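Please open the structure in your viewer and keep the sequence beside it. The stops below are meant to be selected one after another.

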Amino acid sequence: MSDPTAVDYDGMIPNNVGLNADPRLRRALERWHPGYLDWWRDRGPEGFQENLVYLRTAVGVDSEGWAKFGFVRMPEYRWGILLAPAVEDRKIGFGAHKGEPAWQEVPGEYRAMLRRLIVVQGDTEPASVEQQRHLGHTAPSLYDLRNLFQVNVEEARHLWAMVYLLQKYFGRDGREEAEELLSRCSGDRDSPRLLGAFNEATPDWLSFFMFTFFTDRDGKMQLHALSQSGFDPLSRTCRFMLTEEAHHMFVGQSGVGRIIERTCAAMRAAGIDDPTDIERVRALGVVDLPTMQKKANLHFSLTLDLFGSEISTNAANAFNAGLKGRYLEDQIGDDHLLVDDTYPVLRLKSGHIVAERVPALSALNMRLRDDYIADAESGIERWWNRIIARAGFDYRIRLPHVAFNRRIGEFAAIHADPDGNLLSAEEWQRRHDQFLPTTADNRFIESLMRPVTEPGGFASWIAPPRAGIDGQPGNFEYVKLAR
Ligand code: BYC
């Protein structure tokens, strides 16, 4: 018997979904492919398309040795369709169909709901590539430039993953949705991406690292929730996507960590004890910690909006249907039905923020958001704040309150400071510059964004990484710029 996890690399589209045995699907994907390549060229990384980049490519789906590294021109990257190995006899783990065999085909009654979840997930993938398309020109090193492109090609592969599901399981409307995924565009006035945060700009490398720390982590949580799905192809797709996603969060976590490290070292060398002495710190050509806090405030609050409303019948319906579970659903020791359970949610009542227990089914977005916050908090403590503490500075990066700077849900209509104190519109107007990056802050960061292109070189505002990619030495030429 052939190995069910083996990847077919011979055709135009690497895959382990038996594309050769499904000519209808293969034709549909091959028809979509040229438009995809046009999208990549027009709205993917600006420039660098002819340069060789040291990239990781997925070549298998086993936990060991699933990727290989090598120099590739980005348009020639082997974007494949890869599903994690099937779990024998897999059962639906939650909701009204708990205990029934997992679906191998779309359950008719939930078709629209399932399609919507896949389309929303799919829409975020090209969106992030579009948001990051100008960054290559200001990369602080070849190492970082390569990491940017790695994130980009893998997000684009995640688009393929969702397009596969749409084309294979949703017929004509799936094909139309696949086209739409290439025609919406981040920040476009007429045809924007579906979710708010994916229409924001990523103007500089600090934003990129914050985005990969905060927003890719939403990706992790949502993919985990979808990997629990009773629709088995979605579950298997998301499980494999999670393998790649870990590196994206590493890029953000270590990227901000390296900026903090450089700032702390520069402050020490200059004899600066007060990290809030912004002018003196900036004069050293490094990013001051309070500006990093403001950027964290912005990216965290934008990302919280991606979890939807606190109370959501959409989320309850998706859970009940067995389509979208909780984070690590299969490790939770309850009945996985939640019909009689409640969950605490922060709500706005008579002008005060209060905790209220609501039916657990309608609070599933909140539960995922709480798991997200705990995950983000632990990353900040273990990495960023540890670097600051080790350097001997009395300063901590903190997550703002969930009511701060929100556009979706319970707190969209009010203003709050990062501690969760409610502010009048006038107070917010007067004080928001203290909490969020100002034009002057952004201008300062922009002034630091000068490319460093010699192998082993790094911009003044960021420390080198502890180790190279794939064990490569410090002066490795990750992107070959001279042709
Ligand atoms: N912006 O019941 P509600 C990633 C809409 S990131 C605009 O409150 P629901 C990645 C909502 O669509 C992970 N609209 O929320 C990261 C609904 O509209 P309809 C992406 C919003 O549905 C970095 C209405 O408001 N994956 O992978 O329970 C780089 C009421 O919705 C927003 C997913 O999100 C918003 N922020 O939850 C690359 C997973 N929020 O349907 C990639 C799939 C809500 O009434 N998506 N609305 O017209 C979902 O599970 C859900 O759609 C959401 C929203 C969690 C997004």
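The model is predicted: local features need pLDDT of at least 70, side-chain atom pairs count only at pLDDT 80 or more, and totals for chains, interfaces and linings use all residues. Residues are numbered from 1 along each chain as its sequence is written, and side-chain values use heavy atoms, with hydrogens and water left out.

**Stop 1: the positive patch**

Select R24, R27, R31, R172 and R175, which form a patch of positive charge on the surface. A patch joins like charges within 9 Å, or nonpolar side chains (Val, Leu, Ile, Met, Phe, Trp, Tyr) within 5 Å, using residues with over 30% relative accessible area and no salt bridge. Lys and Arg count as positive, Asp and Glu as negative, and His and the chain ends are not counted. The place of a charge is NZ of Lys, CZ of Arg, CG of Asp or CD of Glu. Accessible areas come from the Shrake-Rupley method with a 1.4 Å probe, and for residues only the protein chains shown count as cover.

Now colour α1 (23-43) and α4 (171-183), each of which supplies at least two residues of the patch. Helices (H or I, at least four residues) and strands (E, at least two) are DSSP runs, numbered from the N terminus. The largest share, three residues, comes from α1. R27 lies in this helix, α1, and is partly exposed at a relative accessible area of 46%. The cut-offs are under 20% relative accessible area for buried and over 50% for exposed, with partly exposed in between (1.4 Å probe, protein chains only).

**Stop 2: salt bridges**

Side chains of opposite charge can pair when their charged atoms come close. A salt bridge here is a side-chain nitrogen of Lys or Arg within 4 Å of a carboxyl oxygen of Asp or Glu. The whole structure has 34 of these salt bridges.

Select E177 and R115, whose closest N and O atoms are 3.6 Å apart in a salt bridge. This pair links distant parts of the chain, with E177 in α4 and R115 in α2 (residues 111-131), 62 residues apart. E177 is buried at 16% relative accessibility, whereas R115 is partly exposed at 22%.

Next select R258 and D144, a salt bridge with its closest N and O atoms 2.9 Å apart. R258 is in α6 (residues 232-270) and D144 in α3 (residues 142-169), 114 residues apart. Are R258 and D144 buried or exposed? Both R258 and D144 are buried.

Then move to K349 and E356, a salt bridge at 2.5 Å between the closest N and O atoms.

**Stop 3: a polar contact**

Select T215 in helix α5 (residues 205-227). Which side chain does the side chain of T215 contact? The partner is the side chain of T303, at 2.9 Å. A polar contact is a pair of N or O atoms within 3.5 Å; within protein, one must be able to donate a hydrogen and the other to accept it, and residues adjacent in sequence count only if both atoms are side-chain atoms. T215 is buried, at 5% relative accessibility.

**Stop 4: two loop residues**

F48 sits in the loop between α1 and β1 (52-58). Although not a glycine, F48 has a positive phi of about 65°. F48 is buried at 15% relative accessibility.

S350 has a positive phi of about 45° and is not a glycine. S350 is exposed, with a relative accessible area of 75%.
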